[in-house]
Amino acid sequence: MDLKVKITMTDELTEEVINSSAYLDLASGEISRVEYDEDYDFDALGHPWDADDYEFTSGTLSHEGKDVEFKVDVNKTTGQRSVSANELLEIKVRAR
């Protein structure tokens, strides 16, 4: 059974919002296959969390007409994005 669902993510900077899409594994909380929107030049700008004015990353899961927002943890060293176990449980409850 595939437990990966498509999500949208938002990287918040002081004066800018960077949007992307990815897949969230509902079993592990790992986020994979991040694709930035066309208006973000990753090759020129790099990872959003490397910017001096980076604030946080959030995600949204849309399921049966409900939008569930959640916090995304970013490991700035490895670039891995994930959702904590507590946050993952909350997502599952609110998405029902």
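This note goes through some charged pairs, strand residues and loop residues of a predicted model.

1. Salt bridges in general. How many salt bridges does a search of the whole structure find? The search gives two. They are taken in turn in the next two points.

2. R81 and D11. The side chains of R81 and D11 form a salt bridge, with 3.5 Å from N to O. This pair links distant parts of the chain, 70 residues apart. R81 belongs to strand β6, residues 81-82, while D11 belongs to strand β1, residues 4-13. Both R81 and D11 are buried.

3. K71 and D73. A salt bridge also joins the side chains of K71 and D73, here with an N to O distance of 2.4 Å. D73 has a relative accessibility of 26% and therefore counts as partly exposed, since that class lies between the buried limit of 20% and the exposed limit of 50%.

4. The negative patch. On the surface there is a patch of negative charge, in which E16, D37, E38 and D39 gather. One of its members, D37, lies in the loop that runs between β3 (30-36) and α1 (42-45). The relative accessibility of D37 is 33%, so D37 is classed as partly exposed.

5. S21 in strand β2. Strand β2 covers residues 17-25, and S21 is part of it. Is S21 buried or exposed? S21 counts as buried because its relative accessibility is 17%, and buried means under 20%. Not counting residues up to four places away in sequence, S21 touches K6, I7, T8, R33, V34 and E35.

6. A22 in strand β2. A22 also has its place in strand β2. Its relative accessible area is 0%, so A22 is buried. With neighbours within four places in sequence left aside, the residues in contact with A22 are V5, K6, I7, M9, I31, S32, R33 and V34. As for D39, a member of the negative patch, the C-alpha atoms of A22 and D39 are 16 Å apart in space, and the two residues are 17 apart in sequence.

7. R33 in strand β3. R33 is itself found in strand β3. With a relative accessible area of 53%, R33 is exposed, because exposed means over 50%. Its backbone deserves a look: phi of R33 is near 50°, which is a positive value in a residue other than glycine. Most residues other than glycine have a negative phi.

8. E64 in a loop. Where is E64 placed? E64 sits in the loop between β4 (54-63) and β5 (66-74). Phi of E64 is likewise positive, near 50°, and E64 is not a glycine. E64 is exposed, as its relative accessible area is 69%.

9. G79 in a loop. The loop between β5 and β6 holds G79. G79 has a relative accessible area of 25% and so is partly exposed.

10. Points to check on the model. For a reader going through the structure, the backbone at R33, with its positive phi, and the backbone at E64, with its positive phi, are places to look at. The buried pair R81 and D11 is another, as the salt bridge between their side chains links distant parts of the chain.

Technical notes
Residues are numbered from 1 along each chain as its sequence is written. This is a predicted model: local features need pLDDT of at least 70, side-chain atom pairs count only at pLDDT 80 or more; totals for chains, interfaces and linings use all residues. Side-chain values use heavy atoms; hydrogens and water are left out. Patches are made of residues with over 30% relative accessible area and no salt bridge: like charges are joined within 9 Å, nonpolar side chains (Val, Leu, Ile, Met, Phe, Trp, Tyr) within 5 Å. Accessible areas come from the Shrake-Rupley method with a 1.4 Å probe; for residues, only the protein chains shown count as cover. A salt bridge is a side-chain nitrogen of Lys or Arg within 4 Å of a carboxyl oxygen of Asp or Glu. Lys and Arg count as positive and Asp and Glu as negative; His and the chain ends are not counted. The place of a charge is taken as NZ of Lys, CZ of Arg, CG of Asp or CD of Glu. Helices (H or I, at least four residues) and strands (E, at least two) are DSSP runs, numbered from the N terminus. Buried means under 20% relative accessible area, exposed over 50%, partly exposed in between (1.4 Å probe, protein chains only). Contact means heavy atoms within 4.5 Å.
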